[in-house]
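Please load the model in a viewer and keep the selection panel at hand.

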Amino acid sequence: MTRRNGKFTFLGALTLGLVPLCLSLQAAEVPPTQETKKDPAAHKDLHQDPLPKDALARLGTLRWRQGSPVAFLAILPDNKTLLSVGQDQLVRLWDASTGRQLRQFSSVINRPGQTTFIDSGGVNLQGASLSPDGKLLALVGNDMRIRVLEIATGKEFKQLTGTMNGVTGLVFTPDSKSLASTSYDGSIHLWDLAQGKVARSWNTPTDQNRIFYGGMNGMSFSHDAKRLVTIGTELDNQQAIPTLKIWDVAGGKLLHKIRNPQGAYGFYSPTFSPDNKLVAWATGDGNIHLHDPTSGKEVRVCQPTQRRGGMTQILFSPDGKKLLSRTTVDTYFREFSVASGKELRQIGPAPQGVNQRIYYGYYGNSMTVAMSPDGKLLAGVAGPNVIQMIDVATGKEIVGVPGHDSAILAVRYSADGKTVTTQSIDGSIHRWERATGKDLGKAPLPGGILPYYSTVLSDDGSLLASASYDGTATIYDTVKGKQLHRVTVGNNQRGGSMRLAFSPDGKILAARPQMDSTIHLFSMTDGKEMRKLLPQGEVLQPPPPGVGISFNPAQSMVLDFSPDGKHLVASNPADNSLRVFEINLGREIRQIPFSRNQYATSTAFSPDSRTLALEMNDGSTSVWEVATGKQRRLFGSGGGPATPGNTYARISYYPYGQQNGITTLVFSPDGQMLARAGLDRKTHLWEVATGKDLGLFEGHDGALTTLAFAPDGKALITGSADTTALVWDVKAREQKRTPRTGALKDTELEAHWNELNGSDAIKAGAALGALYISPKQVVPFLQTRLKPAEEAPTNVIEKLIVDLDNNRYLVRKKALDELERMGDLASPVLREALKQHPSMEVRKRLVELLDNAATRSFSGEQLRALRAIELLEQLGTPEAKAVLQTLAKGAPSALVTTEAQAALSRLGK
């Protein structure tokens, strides 16, 4: 499984415009809150929320959780319903007293190549505004279309197009009949919502050298609709200067222009007091400035008692006597006296410590705070995907629910399958009871080990490796909560993200820097580097610091061990290929090439390590043979093709390095089924042998990010950006598998047997599928065709080794050719000969022969034998095991013998 588990920059680096709400205006008709239709027979999770069909348990909760980062919050005029919008443009309505989601709808209109929920870099949210009467919601995505939705129905009321020079801010007029928007050039447009057209515009630039960049969440009307405040950045003499402007709405006249105060870094969250006598905004230093909008003069400054960083968002209380602020790194609000400017108290949970929290709500100047019109409730963001509701009077959180507060990156079952370990982007690791979904607690890891670039869990969840931008990786014991090792990966001056992978037994950590193709292997016993792996044809000569190689970001970070721990697959950044390495040999043994525009985004080895499942950038799923490096079968495309122009980022609003940690493919423990987390938020299940579609699991509220089968194969767990994991019952899907009651004629058996011989992996795969469903005929047939390997006479091999040092070239050549033909049969004798300190020439030949035996291309007969043994293992019947036992008694070093022995070992588990 590839855990494309870096730069740690949210899409908040883009300016997000979310406007302050005029919540103290007149209340209006409360929009109906239609509850999700319930199935009376539906079972529920520990929080009494319904589980999807076929789900056995939910790890975590959906209360106050949404499937993408919270980008906008507002409390409706009924004081009981919270509205939120995520970066995926899904609008959700919540019961403010319980945190239960009432319903959801989306503003996104799908285009060809896009999925229903845009988790792959489609039309992400750029700005939002709720009308004061609570009936309409305006949203703008990165396609710069303003969509106005009806809250009551969730349907589109109007779509406003033709906005000049983009949209940088939007806000409803106090009467809810019009909408104002700003553009990148500083122009302001007033839209007539009934007509869906611009009624008038002002501040349209005439001087092309003067550019005004507007700021999202940088607009607010006075409550009498006479004034409008906007913020942005003017380009003046090649200097970017944050600027706030107050306008006369009727005439479009600029009343006041206020430039950045000394020592501040921009303006945020401008808003008018309920009596229109003050306009307030925050500056980058954390202070809140109160100005007289008539004179433009500063009245006073509110200074917080402690500055923790982040961006400040502000709200007036309904009576205008209090001013409330919250930074994007805090879990609490500060309450100030408007009359004195003094900080009165903190409302909400106490801070958890400096630099130990993500910059929550940091999507530009996103408005992720809200106050109810009656002033009794405050809403904020407690984690990227988690909403927090606070009682103003008591300062306590309403219905606080534990669990992850961001997307789940990895899920791991314990060896006995009774517990599950989950890892999240929020930096935490939780353990859960599989049967019930009970949270068994967080792993006691050191505080603040946020996964900035790449993290990975070992298969049993006991080890966590976390990479840093400086080229180091730290390994922790998640049970004891202590650091085990810190390793340096390559040239740490070059930076960039890193891909990590643990071997199945947790004894080796593989690390692959983003900036070169070298793979570093570290021993987890002592933390020392064991060896380096390089793609064939490359030399260990990395470019100078700061100079990287050309690569496709999504393709370049694939890294995965085979279940037997013998092989490692990695994408090669120099071309569109995957390279398979033999760990013991320390060299590449196979290449899987792709066309110019193709690359693998996720991989999963089958339990027998013979095949490799790939998720491709075009959305397809396929299975490839490791022995030939060729595609055997193509499965359904799952979520469809990636959005054009995007690099197939499944959760585009999270750190790049974490996208490369996402596991989207997994085989069942017996190798009979393949599961894939689709871009459509559905988990697809196929029968491997035949390619039959076994159906879907669906019910997550966010992008799917990871999945894993239980050790017994009876359950499948999926993790999501909605912060939860779901345990699914697989038994019903197993019943859909093709009955193994087929009947083949002798001529058909012979034809399929012949198709197993050769390099055409697709034909061989089809033949294996046909033979798989007819075990009663196939096993006796294979018993007559497969024979144990006979040992080559030791004396003959020893004589050939002596001939390798013959003075005559033809004798040496003949001996070399014969030993090469024997392949693995000669390997034990060759290894013994190496121990006898032969001449340099003979030693060189012996090493080459042993390497070639491990990496050579297989003959048609060898491929047929390999495929037939694979089939017998898949059948797993007593009769099939008996054939394997016979083959396992052949020559000890022969390919057929070792493969039969390995198959029996796996079947015995």
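This is a predicted model: local features need pLDDT of at least 70, side-chain atom pairs count only at pLDDT 80 or more; totals for chains, interfaces and linings use all residues.

In what order do the four strands of the open sheet that contains β11 lie, and with what pairing? The order is β11-β12-β13-β14, and the pairing is antiparallel. Residues are numbered from 1 along each chain as its sequence is written, and side-chain values use heavy atoms, with hydrogens and water left out.

**Stop 1: the sheet β11 to β14**

Select 169-172 and 197-202, the edge strands β11 and β14, each of which pairs on one side only. Strands are DSSP runs of E with at least two residues, helices are runs of H or I with at least four residues, and both are numbered from the N terminus. Two strands pair if DSSP finds at least two bridges between them.

**Stop 2**

Move to another open sheet of four strands, ordered β23-β24-β25-β26 with antiparallel pairing. Its edge strands, each pairing on one side only, are β23 (312-316) and β26 (343-347). From one strand to the next, the twist averages 25 degrees. Select 333-337 to display β25, which is joined to β26 by four bridges in the antiparallel sense. Phe336 is found opposite Glu343 in β26.

**Stop 3: Ile592**

Select 587-593, strand β45, which includes Ile592. Ile592 is buried, with a relative accessible area of 2%; buried means under 20% relative accessible area, exposed over 50%, and partly exposed in between (1.4 Å probe, protein chains only). Display its contacts, where contact means heavy atoms within 4.5 Å. Leaving aside residues up to four places away in sequence, Ile592 touches Asn576, Ser577, Leu578, Leu612, Trp624 and Gly629. A C-alpha to C-alpha distance of 6.4 Å separates Ile592 from Arg579, at 13 residues apart in sequence.

**Stop 4: salt bridges**

The structure holds 29 salt bridges, each defined as a side-chain nitrogen of Lys or Arg within 4 Å of a carboxyl oxygen of Asp or Glu. Select Lys799 and Asp803, whose side chains meet in a salt bridge at 3.0 Å, N to O. These two residues are separated by about one helical turn because they are four residues apart in helix α7 (residues 794-803). Lys799 is partly exposed at 48% relative accessibility, whereas Asp803 is buried at 13%.

Select next Asp608, Arg610, Glu873, Glu899 and Arg906, which are linked in a network of salt bridges. The closest N and O atoms of Arg610 and Asp608 are 3.0 Å apart. Arg610 counts as buried at 11% relative accessibility, and Asp608 is buried at 13%. Between Arg906 and Glu873, the closest N and O atoms are 2.8 Å apart. This pair links distant parts of the chain, with Arg906 in helix α13 (residues 895-907) and Glu873 in helix α11 (residues 860-875), 33 residues apart. Glu873 counts as buried at 12% relative accessibility.

**Stop 5: nonpolar cores**

A nonpolar core is a set of buried Ala, Val, Leu, Ile, Met, Phe, Trp, Tyr and Cys residues joined through side-chain atoms within 4.5 Å. Which residues have the most contacts inside the largest nonpolar core? They are Leu782, Leu871 and Leu872, in a core of 28 residues. Colour α4 (746-755), α5 (761-772), α6 (775-785), α11, α12 (878-887) and α13, each of which supplies at least two residues of this core. The helix that gives the most is α11, with six residues.

Within α6, select the buried residues Pro775, Val778, Val779, Phe781 and Leu782. The buried residues of α6 pack against α4, α5, α11 and α12. Centre the view on Leu782, which touches Trp753, Ala868, Leu871 and Leu872, not counting residues up to four places away in sequence. Another core, of 27 residues, lies apart from the largest one and includes Leu315, Ile347, Leu378 and Val392.

Definitions and conventions. Axes are lines fitted to C-alpha atoms, for helices over the stretch in contact, and angles run from 0 to 180 degrees between N-to-C directions.
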